[in-house]
Amino acid sequence: MKSINILYDREEDLFPAREEASSYEPENILIQVFYGLPGNREGIIRLQETLRDFFPGSPVIGATTDGEMINAKVKTSSIVINISFFKSTTVASYLISQNENQENAAGEMAAFFTPRKPKVIIVFGSGLKNIKLRNDVVFLEKLKDMMGDVIIAGGQAGTDNPDGEFCQFNESTIINNGYVAAALSGEQLRVKNAFSLGWEPLGKNMTITKAEGNRVESIDGISLGEIYGHYLGIDPEKYSPYLHSFPLMVNRNGIFTTVSPVSANDDGSYDFAQPLHPGEQVRLSYSDEITLMESMHDLKNEMDRYKLESLFIYSCSVRRRILGEYIHFDEEALASCHSSSGFFTFGEYYTDPKGQPHSFQQTMTVLMLSESPSFTRITPVQKARLSFEELKSRKLIVQKVLKNLLTSTTKELESKLEELASLAHFDPMTELANRRLFDEAMEKEIKRHERNGSPLSLIMLDVDHFKLFNDSYGHVAGDDCLRAIAFSLKITAKRPSDLPFRYGGEEFGCILPLTDGEGAVKIAEKIKKEIMRLKIPNKGSSAGDTVTASIGVITVRCRRGMTPTQLIEECDALLYQAKEQGRNRVVSKDLYKEE
C-alpha cells in the first residue's frame, strides 16, 4: 500500500499521483478529498472534473471540513487530497442522497457493499441540519447489523464558516444530506482503529430524569440551567456559546464519550448533540490543553504498536479550537506515521473492539491501514513522552469553574455523610427505600391503621418483559431503565407519608397511608402514564414499543394479626392478573370498601 498526500492548489499538483496511478487498476485506488475552501461549490465541481480526467474510474469520496491535516500538519481553508494505492485491496464507493430515513439509507448501502465483503467502510455524513448537529447512530448501527464483521470509520462534514455549506461528494455528485462511503476489501488488508477522548469527568454521577430524543429537560429532577448554574457557577444564558466546553460524559456500551449541549429552548430544556434517555447516568466533564495532550499520549502509544502504511484522521473541530496554538502537539504525536491525512469533523465515527459503532463528538479518531503481513510490532515500542514546558497555566474560566464545582461537590458530600446512618435502608442504584425499610414501614403502618381504622393502600408494579429488555439493550440500559422508573414513582407518590420502594429486581411498589381505593388507583394510573411518557424503547414487548409496567393495587382495613406478607400476596395476585390481561394496566381491589 502507498499513500500520496497532496496540498492541492492547481492541476500540476496531481501529476506525480497520476504517474503512479498508471501502474494500478482504478478499483485499487481510493481518493479522499478534504475540502476546506468556504462557499465554493463551483470549485468542487471543477475538482471533480479534474479527478475524473486524471484518475478515470477510481472511486472518490470527499467532504467539506473545519480544518485539514496532511502529513501531521494542520491546515485551514485548504484542499487536501489523499490518494491511496493498494496492491490487492479493491475499493468500491456508494452515495446516498438522503438521511431522513437512516435505516433505509443503511439498508441500501449494505445491499451494495455486502457482496464485496469489506473489512472497513469509510463514511462521510452530513454535519448540521436546521442549525443542529445530526446524530447518525441509527444509520451506523443498522449498517453494522447488516454488514457483520466490518469496521466503520469516518465522520461528518464540517465547515470553518458559520454560514458555510456542508457538502459530501463523489467523483460526479455533490449532496448536502445523505452519505458517501468507500468500502475496502482484500485478504491482505490490515485494519485497526482507535480514538483519543481528551475529556475528564467532573463531580458526581447524575441521572437523566426527563428527556425525549435529543431534548433534555431535567437531571436529578433539576433543570439544565440550574445544573450549570449550581455546579459550574455560570449563567447558562450568558455563557450559552461556551456550554459545549462542559459536555455531559456518558458510558455507552463500555465506552466513555461526551454529549454536548448545542442550544437552549424557551421552555428551559436543552438540545444535545445526541439523544439521552431517562435513567441514563451522566457526569459533567471538561477539557483543556493538558488533558488533551495526556489523551494524545495514549493514542500515540496505541498507534506505535503497529507498522502503518497509512493513517487517516477524523478529529472533532472542538479539539482544534481548544488546543489553539498548542495544536502542534497533535502534529508531533502523529508525525511517527510517514503518511497521514484527514479532516476536522462535526462528528466522528468509530467501531469499538466489541464491534459496536459509535457517533462521537469532541473526539479524535484514527484509522490505521497496511497491506504488510507484519502489521503488529513484535517488539513493543517505548512509550512516547511529550514535553509540557510550553504549556501555559489553565485558562481563568476553567479555574473558576473547577473551584466552584469542587466547593459545591464538597458541600454535598458533607451533607451525604450525615445520611450514612440511613443508607442501609435504601437501594443504592435507584435511591428508593429497599426491601428492609419496606418491611419495617409496612409493619408500623399496619399497626397505626389498625388503631385509627383508616384505609391503607399498597401498590406493586412489575416492569413488563424486563428480561427481554436486558437481552436486547444490555444491562447498562437496564439499570438506566430502572432508575428512570424509580424517578417516576418519586414524582408521583410525593406526599411525605408515601413510601416508594424497590422490592427487588424489576419489581417496585409504594405504600400509601390514609389512602382509599379510588385515590390509590389514581396514583397507580398516573405512575403507569409517567412510565409510558419516558418513551424508553422496548421493541420486543407485547405491551407496546416502549417500556411499560403491570400494576396491582390493594386497599384494606387493617385488623389485628394482619401481616405485611398477607398484603403483599394479595397485591401480587392483582399484579399477575394485570399481566394475564395483557400487561400495561392497573388491576385493583378495594377490601376496605367491600366491608
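The legends below accompany close-up views of a predicted model.

**View 1. The largest nonpolar core of the predicted model, which has 30 residues.**
In soluble globular proteins, nonpolar side chains tend to be buried together. The residues with the most contacts inside this core are Ile459, Leu461, Ile485, Phe508, Ile527, Val547 and Ile551. At least two core residues are supplied by each of strand 29 (455-463), helix 11 (466-473), helix 12 (475-492), strand 31 (507-512), helix 13 (517-533) and strand 32 (549-557). Of these elements, helix 12 gives the largest share of the core, with 7 residues.

**View 2. Leu461 and the residues that it touches.**
When residues up to four places away in sequence are not counted, Leu461 touches Ile485, Leu489, Glu506, Glu507, Phe508, Ile527, Ala549, Ser550, Ile551 and Leu575. Apart from the core to which Leu461 belongs lies another core, of 29 residues, and Phe166, Ile175, Val180 and Leu369 are among them.

**View 3. The largest cavity, with a volume of about 100 Å³.**
Rolling a probe the size of a water molecule over the atoms shows where empty space is left. A search of the whole structure finds 2 cavities of 30 Å³ or more, and the largest cavity is lined by 16 residues. Among these lining residues, Leu37, Pro38, Gly39, Thr64 and Glu165 lie nearest the centre of the cavity. Sorted by class, the lining consists of 5 nonpolar, 8 polar and 3 charged residues.

**View 4. The second largest cavity, which holds about 30 Å³ of space.**
The residues that line this cavity are Leu202, Gly203, Lys204, Met206, Tyr231, Leu284 and Leu405. Strand 16 (residues 200-212) provides the largest share of the lining, 4 residues. By class, the lining of the second largest cavity divides into 5 nonpolar residues, 1 polar and 1 charged.

**View 5. Ala72, a residue other than glycine with a positive phi.**
Most residues other than glycine have a negative phi, and most peptide bonds are trans. Phi of Ala72 is, by contrast, near 70 degrees, and this residue is found in the loop between strand 4 (68-70) and strand 5 (73-75). Ala72 counts as buried because its relative accessible area is 8%, and buried means under 20%.

**View 6. Leu514, another residue other than glycine with a positive phi.**
Here phi of Leu514 is near 55 degrees, and Leu514 has its place in the loop between strand 31 and helix 13. The relative accessibility of Leu514 is 46%, so this residue counts as partly exposed.

Conventions: Residues numbered from 1 in each chain as written. Predicted model: local features only at pLDDT ≥ 70, side-chain atom pairs only at ≥ 80, totals over all residues. Heavy atoms only, no water. Core = buried A, V, L, I, M, F, W, Y, C linked by side-chain atoms within 4.5 Å. Buried < 20%, exposed > 50% of the residue type's maximum accessible area, 1.4 Å probe, protein only. Contact = heavy atoms within 4.5 Å. 1 Å grid on protein atoms, 1.4 Å probe; cavity = no way out; pocket = protein on both sides within 12 Å on 5 of 7 lines; lining within 4 Å. Points joined across faces, edges and corners; volume = space filled by probe spheres on them. Nonpolar A, V, L, I, M, F, W, Y, C, P; charged D, E, K, R; others polar.
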